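The sequence and the structure are shown first, and the description follows.

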Amino acid sequence: MEKIYMIPVNDAYADSCGCPICRLHEKAENNYLEYYLGPSLMEPDTRKITNKTGFCPVHMGKLNKAVTNRLGLGLVMHTHLKDFNDDYTPKLKASIPAKAGILKGRNPDYKQKLNNMADLIDRRVSSCPICDNLNDAMGHYVEVICWMFSHDSEFKEKFIESEFHCMPHTALLLRQAAKLSQNDAADFVEALYNNNSRTFDSLIADVEYFTLKFDYRNTDKPWGTSKNSIQRSMRFLSSDGRDFDEQQSKKQS
Ligand SMILES: [Zn+2]
Ligand SMILES: [Zn+2]
């Protein structure tokens, strides 16, 4: 099993707070953002890719926020715009429907052409080398997680004890578990089931308590663990917790 993936997996599971796979994702994403803003931007091989792909909306936003290499970002943007324009604009011109007249009849082909153009835009807008690299890395990570679960009892314990595995990352783990032998999959999915159901039960109870706190008869009762239960539920349901602001719940104390 590849050691380069085992070390970050162990690090992510050393902390029992939140979803360990979200931590792996965040770390890998930051590394790729740094990579694409670093000297790699000037390497012809990288440029060949980024000229064609650009970056997806999420990663364009993150690169823009990073502001470490404005010139590099400008150069990539310039060549990507040119590549996009060369590919797209002539095709758009060719897909302008001819007006139906007395000599030219109606031609329904234009509908297909316009839909094709829309597909081309969607494809180009969502293409992103950071997403591609991240998906690749996450695939290796879940492979390593499943392997360590059945070969390393200390890791298995940490897996069971982790606060939760968020739903999108549970899906990733289940897809990997489907590739395991039936016996390995049985143990792994049972542990995942215990972890998931414990999380559901505690979040449901906490969020309910949160709502009951709005009843004036409960004003003096302590918030307990319910205070940030909405944000924790959002993290559990959708992964990546950085945007889930807990300020709102702090104000209610
Ligand atoms: Zn996660
Ligand atoms: Zn992306």
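## Overall arrangement

Read from the N terminus on, the elements of the chain follow the order α-α-α-α-α-α-α-α-α-α-α-α, which amounts to twelve helices and zero strands. With a radius of gyration of 24 Å, well over the 18 Å that the globule rule gives for 253 residues, the chain is more spread out than a compact globule. The model discussed here is a predicted one. Along the principal axes, the C-alpha atoms of the chain fill a box of roughly 80 × 55 × 45 Å.

The chain is divided into two domains, of which domain 1 takes in residues 3-97 together with 105-131, whereas domain 2 covers residues 182-251. Between the C-alpha centres of domain 1 and domain 2 there is a distance of 33 Å.

## Helix packing

| Helix pair | Residue ranges | Axis separation | Axis angle |
|---|---|---|---|
| H1 and H2 | 3-14 and 20-37 | 8 Å | about 130 degrees |
| H5 and H6 | 70-94 and 109-126 | within 10 Å | roughly 165 degrees |
| H1 and H7 | H7: 129-151 | within 9 Å | roughly 75 degrees |

For the pair H1 and H2, the axes pack at an angle of about 130 degrees, and the two helices are therefore oblique to each other, with a crossing that is right-handed. On the side of H1 the contact is made by Pro8, Val9, Ala12 and Tyr13, and on the side of H2 by Pro20, Arg23, Leu24 and Lys27. Sorted by class, the contact of H1 with H2 contains six nonpolar, no polar and two charged residues.

Helix H1 also packs against H7, and here the axes cross at roughly 75 degrees, so that H1 and H7 are roughly perpendicular to each other. In this contact, Tyr5, Met6 and Val9 of H1 meet His140, Tyr141, Val144, Ile145 and Met148 of H7. The residues of the contact of H1 with H7 comprise seven nonpolar, one polar and no charged. Val9 of H1 takes part in the contact with H2 and is also listed in the contact with H7.

What is the relative orientation of H5 and H6? Their axes cross at roughly 165 degrees, and an angle over 145 degrees counts as roughly antiparallel, so H5 and H6 are roughly antiparallel to each other. The crossing of H5 and H6 is left-handed. Phe84, Tyr88, Lys91 and Leu92 of H5 make the contact with Met117, Leu120 and Arg124 of H6, and the residues of this contact divide into five nonpolar, no polar and two charged.

Key:
Residues numbered from 1 in each chain as written. Chains lettered and ligands numbered in written order. Predicted model: local features only at pLDDT ≥ 70, side-chain atom pairs only at ≥ 80, totals over all residues. Axes fitted to C-alpha atoms, helices over the stretch in contact; angles between N-to-C directions. Helix = DSSP H or I, 4+ residues; strand = E, 2+ residues; numbered from the N terminus. Parallel < 35°, antiparallel > 145°, perpendicular 65-115°, else oblique. Left-handed = near helix turned anticlockwise from the far one by under 90°. Contact = placed C-beta atoms within 7 Å. Nonpolar A, V, L, I, M, F, W, Y, C, P; charged D, E, K, R; others polar. Domains from an automatic or database assignment. Rg over C-alpha atoms; globule rule 2.2 N^0.38 Å.
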